[in-house]
Amino acid sequence: MSDILIASTQKKQSPRLRGATEDTAFARALLILIAILFLLLFLFAPLAVVFVEASAKGFSAFLDTFHEADALAAIRLTLIVAAISVPANLIFGLSAAWAIAKFSFPGKSLLITLIDLPFSVSPVVSGLVYVLVFGAQGLFGKWFSAHGTQIIFAVPGIVLATIFVTFPFVARELIPLMQEQGTVEEEAALTLGASGLRTFWTVTIPNIKWGLLYGVLLCNARAMGEFGAVSVVSGHIRGLTNTIPLQVEILYNEYNSVAAFAMAVLLASLALVTLGLKTFLEWKYADALSGRSRRH
Amino acid sequence: MVHRHKAWRFRVPSVIPGFGITFGYTLFYLSLIVLFPLATLLWRSSELGFSGLYAVASEPRVAAALRTTFSLSLAAAFIDLIFGLIVAWVLTRYEFPGRRLFDAFVDLPFALPTAVAGISLAALYAPNGWFGVYLAEIGVKIAFTRLGILVALIFIGLPFVVRTVQPIIAELEIELEEASATLGAWRLQTLLFVLLPPLVPALLTGFALAFARAIGEYGSVIFIAGNIAYISEIAPLLIVVKLEQYDFAGATAIASIMLAISFVALLVINLIQAWSRKRFGHV
């Protein structure tokens with residue numbers, strides 16, 4: 001009520017006596033305009049062009065892309081890679097968060113820094129390190145090829161590189177969240193006679209489920225969309241070692257624009273779904289996610 | 001007789017089970033996936049020695065690529081700093097239709113795979129693209145030049161600045177502004193001398209994050225860059241080129257130089273945050 005009263009009295013006063021902490025209507029409009037124009041130009045336009053270019057030759061040309069065997073192989077490989085790397089990093093994230101958040105030991109902040117390390121490494125370098133370890137000239141390359149297993153230019157290398165670049169997602173979401181929650185509830189459950197595993201499933205997991213989902217969501221988006229690291233270790237063998245992003249590159253370089261953008265539509269849609277769910281989780285379960293500023 | 005209570009313990013005792021297995025697995029998996037491969041890179045580059053690294057870095061094509069990457073990353077991070085601050089301010093302070101949507105979309109560069117961003121930026125700015133057509137009329141060429149690299153780096157760096165600054169803007173106390181206005185400051189004076197200083201650490205952090213990301217960026221750049229040797233080649237691309245030529249030593253050398261740059265950026269970020277915690281009590 002009082003707000004309305006103040007607002008109505010302000011309107012009658014001269015413009016110089018407007019709220020001391022408000023910007024002028026002109027400055028406000030100008031800044032909003034700059035921000036919106038910048039976002040439209042730099043964020044919305046690149047997204048929109050994906051869908052427009054994919055449908056440039058009609059809907060049937062768009063659908064034709066997905067009748068190609070190579071396209072289907074790329075989709076299958078992307079799903080396989082995500083199906084291995086996301087659970088692997090999920091288990092690691094839970095394990096790391098449990099050890100770091102529920103116990104106190106020296107060197108904890110160093111451990112957290114090391115877990116975040118893959119985010120500071122260029123995707124291309126992330127791929128390169130595995131070439132140096134498992135490649136033909138690499139540390140174990142000869143041993144693996146002698147035993148008939150190929151890692152680089154094959155699916156295992158793609159999985160490893162994907163695990164590397166998505167390594168911190170789940171852990172960095174869970175660690176601050178579980179640190180905030182402390183150990184009181186787990187201690188109560190244990191005191192009442194619950195086993196360690198039962199405590200974990202019935203006390204810890206319900207407390208962290210939204211944060212866990214949030215981490216898995218981001219991890220999956222990156223796993224399916226990773227380009228640089230995977231490109232270095234894949235060898236670009238059509239139908240065998242091409243994920244969707246690599247297939248996008250090949251089609252684009254062949255000037256097959258519609259097909260390239262049709263494959264890109266899959267990834268852009270994944271990005272939109274991820275953004276939507278992420279925004280929903282942040283809005284609906286803000287309290288159940290960790291309060292730390294979110295950067296990736 | 002063993003005095004167990006005097007024995008040094010690695011961790012503080014607790015009734016909660018599972019430390020051994022989770023801590024052990026964390027160390028094992030971290031070493032296997034991250035530390036061992038990175039150590040291999042460092043070991044391989046130490047074999048080259050400082051002179052070997054310098055020899056690769058001073059190859060004209062490599063030196064040009066490193067210069068391109070470094071200068072354009074700085075420029076992109078600086079542009080992100082300015083527009084990121086405006087976007088963060090507008091999204092936090094003002095109410096306008098579609099604000100929530102715009103806010104959610106700031107994270108798009110995190111979510112959109114880099115290859116997709118790459119081909120769509122190339123399509124937008126190519127001479128026959130949506131923007132390229134109009135830019136060509138006024139004689140500006142963006143795709144397949146260094147400007148194209150800049151555009152891609154601005155795209156991927158923006159959320160780092162916005163998301164780092166936004167929470168700090170939200171926490172700014174209105175009382176400070178009121179006090180400043182009461183004491184007779186113009187609005188612009190309040191903005192510059194009262195509101196801006198607490199934002200500086202977050203702005204610097206966002207700048208450093210955007211810069212570090214830009215240094216390593218590959219997917220969104222290579223499609224729009226044109227990749228002309230000596231002009232629009234970026235350092236990560238040269239790693240790929242060297243690998244295709246089976247020049248592992250060269251690839252390793254460039255990679256370790258880039259790794260060094262990103263670690264310095266990481267160190268700077270940590271120093272800024274430590275300073276900020278001391279000075280302002282927040283990050």
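This is a predicted model: local features need pLDDT of at least 70, side-chain atom pairs count only at pLDDT 80 or more; totals for chains, interfaces and linings use all residues.
Next I looked up who touches whom. I found 92 residues of chain A in contact with 92 residues of chain B. Across this interface there are 11 residue pairs in polar contact, both residues at pLDDT 80 or more. On chain A's side, helix 2 (residues 25-54) supplies the largest share, 21 residues. Sorting that side by class gave me 65 nonpolar, 16 polar and 11 charged residues.

Then I turned to charges. How many salt bridges cross the interface of chain A and chain B? I got 1. A:K278 and B:D107 form a salt bridge, at 2.3 Å from N to O.

B:R163 sits in helix 7 (residues 146-171) of chain B and B:D107 in the loop between helix 3 (99-105) and helix 4 (108-111), so the pair ties together parts 56 residues apart in sequence. Is B:D107 buried or exposed? B:D107 is buried, at 4% relative accessibility, and B:R163 counts as buried at 12%. Both belong to a network of salt bridges that links A:K278, A:E282, B:D103, B:D107 and B:R163.

Last, I checked a salt bridge within chain A. A:R238 and A:D70 have their closest N and O atoms 2.9 Å apart. They link distant parts of the chain, 168 residues apart. I noted both as partly exposed: A:R238 at 37% and A:D70 at 23%.

Definitions and conventions. Residues are numbered from 1 along each chain as its sequence is written. Chains are lettered from A and ligands numbered from 1 in the order in which they are written. Side-chain values use heavy atoms; hydrogens and water are left out. Contact means heavy atoms within 4.5 Å. A salt bridge is a side-chain nitrogen of Lys or Arg within 4 Å of a carboxyl oxygen of Asp or Glu. A polar contact is a pair of N or O atoms within 3.5 Å; within protein, one must be able to donate a hydrogen and the other to accept it, and residues adjacent in sequence count only if both atoms are side-chain atoms. Helices (H or I, at least four residues) and strands (E, at least two) are DSSP runs, numbered from the N terminus. Ala, Val, Leu, Ile, Met, Phe, Trp, Tyr, Cys and Pro count as nonpolar, Asp, Glu, Lys and Arg as charged, and the others, Gly among them, as polar. Buried means under 20% relative accessible area, exposed over 50%, partly exposed in between (1.4 Å probe, protein chains only).
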